[in-house]
Amino acid sequence: MGLLSTLKSLFICHLIIGYVFLVSGLLINLLQVCTLPVGLVSKQLARRINIRLGYCIASQVVAVLEWWSGTECTLYTDPKSYPLYGKENAIVLLNHNFEIDFLCGWTFCERFGVLGSSKVLAKQELAYVPVIGWMWYFLEIVFCKRKWEEDRRLVAQSLQNLRDYPENYWFLLFCEGTRFTPEKHQASMQVAESKGLPKLKYHLLPRTKGFWMTVQNLRGTVSAVYDSTLNFRDNETPTMLGVLNGKKYHADLYVRRIPLELIPEEEKECAAWLHKLYQEKDELQGAYEKTGLFPGPKTSPPRQLRTLMNWLFWSCVVLYPLGLMLTHVISSGSALTIIAAVVVSSAASVAVRWMIGQTEIGKGSKYGNREVPPNTNGSS
Ligand SMILES: CC/C=C\C/C=C\C/C=C\C/C=C\C/C=C\C/C=C\CCC(=O)SCCNC(=O)CCNC(=O)[C@H](O)C(C)(C)COP(=O)(O)OP(=O)(O)OC[C@H]1O[C@@H](n2cnc3c(N)ncnc32)[C@H](O)[C@@H]1OP(=O)(O)O
Ligand SMILES: CCCCCCCCCCCCCCCCCC(=O)OC[C@@H](O)COP(=O)(O)O
């Protein structure tokens, strides 16, 4: 093991990265709270400020992927569509198999200049995650309870609010609704069978209502759907802990741009369109499984120095006072102060570990585990 990889696996390094993320994140959350009065004077100005503040948080996690783990992200797409990425509003549909798929999504957002404004239809539980969940409140992320009767009104309202959003955004939808596990796959294929739909091998049966609702409410402001499929080379199973340990992964993302006019307006037709799309996505996955390649030309949009600079800036902001404080604690020689410092850093370390736990499939929800009758859909 080289010196650099030994360094990357050291707990103290993880502690520093985690500390910078947590403390700067909470500081930025506080700044976001201060934009509330700005919003009373100018809603669009407050939104623009929040986009930049959100960038400061999300970009730190992206920096760890790009600069610490050195993960390579390759894009397979039609060169004619490429110039439009980042220049228009789009709905992104992505498979949901990997613990860091959200992070690879963020990385592409960063490279196309829409990281601060990126949106997602996220499960309500994530709203309570400190730093990221709280940041999302100010970025107008759309949350759902995965209980249609409750979601239909709230989700529609949140989507309507995005119609006058001042900057280009990508709205991410994991139509499968939960991450892939063999048990969830089996349950969803039972549903597919009962509905007379063809079986999928690599995807869960897509949930169509959120997609239909998103298309309906954003029509006129969103130009296209980006049908996206993410894979990792050589059957890599990336994790957030792996990234923090400096493990390098190789992500391949296939993106096909579909103009929004091609999506049917009527609910049943729209649902059928989505089922057909997932059948095509399943075939694409099958081909990748065999060849290790997606079709079409590939490109690697370069990582940007600004993510590293952002991380270094926030490190200076929060590590300098920490250094002063530690010097004071040690020079004071007071056992009580030293114990207090140890307790606070242990608490910070536990908090970061808990946040990483949110990304772990093994600790995921039971939603979609089995076919459930309406109104008791097992969300947790
Ligand atoms: C150039 C580069 C391009 C791209 C770059 C890529 C990406 C970057 C883009 C943006 C990045 C932005 C942010 C990223 C950062 C972080 C993201 C992090 C994570 C958040 C993700 C989540 O939280 S996913 C979970 C929440 N989201 C969803 O669930 C969305 C999908 N769900 C829906 O749409 C649902 O319909 C719903 C939530 C609106 C409502 O759900 P509910 O369960 O109440 O109702 P449904 O109607 O869906 O369910 C009942 C119907 O489903 C059938 N059923 C029952 N059991 C199952 C089963 N096991 N599987 C499938 N179907 C089932 C049932 O029969 C009902 O059928 P109907 O015929 O009546 O519909
Ligand atoms: C700078 C780096 C610091 C590293 C330490 C900090 C780690 C920060 C981790 C961010 C954690 C919060 C973001 C959570 C996003 C998780 C996305 C996700 O994948 O959610 C799952 C849902 O889609 C479905 O849930 P399930 O029904 O599968 O259950």
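## What the record says

UniProt positions are given here in the numbering used for this structure, with feature names shortened, and such annotations may be inferred rather than shown by experiment. In that record, an unreviewed entry, the annotation "domain: Phospholipid/glycerol acyltransferase" covers residues 90–212. Over residues 90–212 the chain is 40% helix and 14% strand, with the end C-alpha atoms 14 Å apart. Helices (H or I, at least four residues) and strands (E, at least two) are DSSP runs, numbered from the N terminus.

This is a predicted model, in which local features need pLDDT of at least 70 and side-chain atom pairs count only at pLDDT 80 or more, while totals for chains, interfaces and linings use all residues. Residues are numbered from 1 along each chain as its sequence is written, and chains are lettered from A and ligands numbered from 1 in the order in which they are written.

## Transmembrane stretches

The unreviewed UniProt entry also lists "transmembrane region" for residues 16–41, 53–70, 126–144, 311–330 and 336–356. Let us look at two of them. Residues 16–41 are 100% helix and 0% strand, and their end C-alpha atoms are 38 Å apart. Residues 53–70 are 89% helix and 0% strand, with 25 Å between the end C-alpha atoms.

## Around ligand 1

Ligand 1 is surrounded by 41 residues, and the closest are Gly-105, Gly-177, Ser-188, Arg-207 and Gly-210. A residue counts as near a molecule or strand if its C-beta atom, placed from the backbone, lies within 6 Å of it. Two or more residues of this shell come from each of β2 (90–94), α4 (101–111), β3 (119–123), α6 (148–161), β5 (170–173), α7 (182–194), α8 (209–218) and β6 (224–232). The most come from α4, with 5 residues.

By class, the shell around ligand 1 has 25 nonpolar, 9 polar and 7 charged residues. Here Ala, Val, Leu, Ile, Met, Phe, Trp, Tyr, Cys and Pro count as nonpolar, Asp, Glu, Lys and Arg as charged, and the others, Gly among them, as polar.

## Around ligand 2

For ligand 2, the shell has 24 residues, and Phe-21, Thr-178, Arg-179, Gly-364 and Ser-365 are the closest. At least two residues each are supplied by α2 (11–41), α3 (43–68), α9 (240–244) and α12 (335–357). This shell divides into 15 nonpolar, 7 polar and 2 charged residues.

## Where α3 meets α4

The axes of α3 and α4 (lines fitted to C-alpha atoms over the stretch in contact) come within 9 Å and cross at roughly 100°. Angles run from 0 to 180 degrees between N-to-C directions. The two helices are therefore roughly perpendicular to each other, a label for angles of 65 to 115 degrees; under 35 counts as roughly parallel, over 145 as roughly antiparallel and the rest as oblique.

In this contact, Ala-58, Ser-59, Val-61, Val-62, Leu-65 and Glu-66 of α3 meet Leu-103, Trp-106, Thr-107 and Glu-110 of α4. Two residues are in contact if their C-beta atoms, placed from the backbone, lie within 7 Å. The contact has 6 nonpolar, 2 polar and 2 charged residues.
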